[in-house]
Amino acid sequence: SALLEAMQEKQTTIEGDTRTLPSPFIVLATQNPVEQAGTYPLPEAQIDRFLVRILMGYPRPEDERRVLRRFLEGHGYAVEMALHGDDALELLRRQPYGIVLVDEQMPGRRGLELFGAIRELDPAVPVVMVTKSEDAATMRDAIGMQVDDYLVKPVQPRQVLSVITRLLEGDRIRQQHLSREFVTRFRELEGRRAAALGWREWVDL
């Protein structure tokens, strides 16, 4: 509706605030796949108003890796990438890492075989399996070998960030939450102590 408002009425409305667009103005829009819920094709009369139409397919694996790397680095994480299972093991031999994401389909050693080799090098490092397969047997094997988490492609960068944050910072975040709760409760008790209390209130306190 915002797109059609701009093209038809030459204005845009944001949170009830309507602004007239300059002349000329440019509209950039994306169209999700028609099969996606809530997506409807534009009428031909609206499509004709676009000067350029670009069809974007699914990104190449190297583009996915670049996007994910930039996203995680933007959130303060240092990222090393290996395109081959044996290269990943070599990186682990050189230095410790906070977490490892394993693509089940990567060349060389991959999947659960690579996971076992990683565990031999560093039994404590969290490992997340990324796979295209939702096969129940594969998932049971991963759980049985104590893979720390399991992501099924296509994976969004924020899904990866959520898993990494939980595994690397979950304990610290929970401890901070408990500390805030303790301080809040302590201040509440101090405030009640300062008031004139009867014996029942002292028992409750």
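I'll start at the surface: L51, V52, I54 and M56 form a nonpolar patch with about 570 Å² of accessible area together. Patch members have over 30% relative accessible area and no salt bridge, and nonpolar side chains (Val, Leu, Ile, Met, Phe, Trp, Tyr) are joined within 5 Å. A salt bridge here is a side-chain nitrogen of Lys or Arg within 4 Å of a carboxyl oxygen of Asp or Glu. Accessible areas come from the Shrake-Rupley method with a 1.4 Å probe, with only the protein chains shown counting as cover for residues.

This is a predicted model: local features need pLDDT of at least 70, side-chain atom pairs need 80 or more, and totals for chains, interfaces and linings use all residues. Residues are numbered from 1 along each chain as its sequence is written, and side-chain values use heavy atoms, without hydrogens and water.

Back to L51. It sits in the loop between α2 (44–47) and α3 (61–74), and its relative accessible area of 83% makes L51 exposed (exposed is over 50%, buried under 20%, partly exposed in between).

Now the fold. The chain has 8 helices and 5 strands, in the order α-β-β-α-α-α-β-α-β-α-β-α-α. These are DSSP runs numbered from the N terminus: helices are H or I, at least four residues, and strands are E, at least two. Of the 205 residues, 21% are buried.

Strands β1 (residues 11–14) and β2 (residues 17–20) run antiparallel, joined by 4 bridges; pairing requires at least two DSSP bridges.

Notes
Buried < 20%, exposed > 50% of the residue type's maximum accessible area, 1.4 Å probe, protein only. Patch = residues over 30% accessible without salt bridge, like charges linked within 9 Å, V, L, I, M, F, W, Y side chains within 5 Å.
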